[in-house]
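Here are a few friendly notes to read alongside the model. Keep the 3D view open and find each residue as you go.

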Amino acid sequence: MRQQIVAGNWKMNQTLEEGIELTRLILEKIDKPKGLVVIAPPLTHLKEIGKMLKVRKHFHLGAQNCHQEEKGAYTGEVSANMLASVGCEFVIIGHSERRQYFKEKNDVLAAKVNVVLSKGMRPIFCCGEPLHIREVDTHVGYVAKQLKASLFHLNEADFRKVVIAYEPIWAIGTGRTASSQQAQEMHHAIRVLIAKKYGKGVADSTSILYGGSCNAQNAAELLSQPDVDGGLIGGASLKADDFAVIVAAMK
Ligand code: PGA
């Protein structure tokens, strides 16, 4: 059985004090999750929140991004090594907001995936199509291109460490969720693609998360799909009660 994972992407929300309180509530409300729970707070909170998560089984610290270079004169950036040094185990790579607002392209994302893996962490690699692509029914090919360009250079051992998050851009923060059938169709297509490249064994053990307006109301339906192995949660990860319901929806 592949790993079930629910990851909370806080984005640019919460002061440190608020983040500590939110983490306290999350830890209080979630007792024994069936899979892994990843919390990805803002950079400034990693160390403190990491300390809180460390003492609890199944909880892991994640970052929302990192720079592709090892180190150097990149003012304002953070390296994978720095993230590992404060206890991060996961790094979200290629979120559509990074692609859109920070112009991150597939080749840069491939370099980020490499540096994250080289520091012993696991990338949560985001893919997903914009609305106009969905409307002309070329979404499977679009996502395949993203995966091929940024992940398929990896050897099998490294690929096995990658978590994939399918996040249709038209569903992120919009309240418009993909239907469970749409999610299942894409997750299945991604698994077929992985099987073609790395074999069925690898495809069957790759965790593919759904993201995009996943919330306490729709999580059970989405996460019950056979190829949906958890969720990458934005807005609803900022409410401890809702996040706990989503975590409880893991298979
Ligand atoms: P959302 O964000 O749950 O607020 O739609 C998901 C994400 O961006 O990872």
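The numbered points below go from the overall fold to single residues.

1. This is a predicted model, in which local features need pLDDT of at least 70 and side-chain atom pairs count only at pLDDT 80 or more, while totals for chains, interfaces and linings use all residues. Residues are numbered from 1 along each chain as its sequence is written, and side-chain values use heavy atoms, with hydrogens and water left out.

2. Start with the barrel: 8 strands close up in the order S1-S2-S3-S4-S5-S6-S7-S8, with parallel pairing. From one strand to the next, the twist averages 25 degrees. Strands (E, at least two residues) and helices (H or I, at least four) are DSSP runs numbered from the N terminus, and two strands pair if DSSP finds at least two bridges between them.

3. Now look at one pair. Strand S3 (residues 59–63) joins strand S4 (residues 90–93) in the parallel sense over 2 bridges, and Gly 62 stands opposite Phe 90 in S4.

4. Helix H12 (residues 240–248) packs on the sheet and touches S1, S2 and S8. Contact here means heavy atoms within 4.5 Å. The direction of H12 makes about 155 degrees with that of S1; such angles run from 0 to 180 degrees between N-to-C directions, using axes fitted to C-alpha atoms, for helices over the stretch in contact.

5. Is Gln 4 buried or exposed? Gln 4 is buried, because its relative accessible area is 5%, and buried means under 20%, exposed over 50% and partly exposed in between (1.4 Å probe, protein chains only). Beyond neighbours within four places in sequence, its contacts include Gly 35, Val 228 and Met 250.
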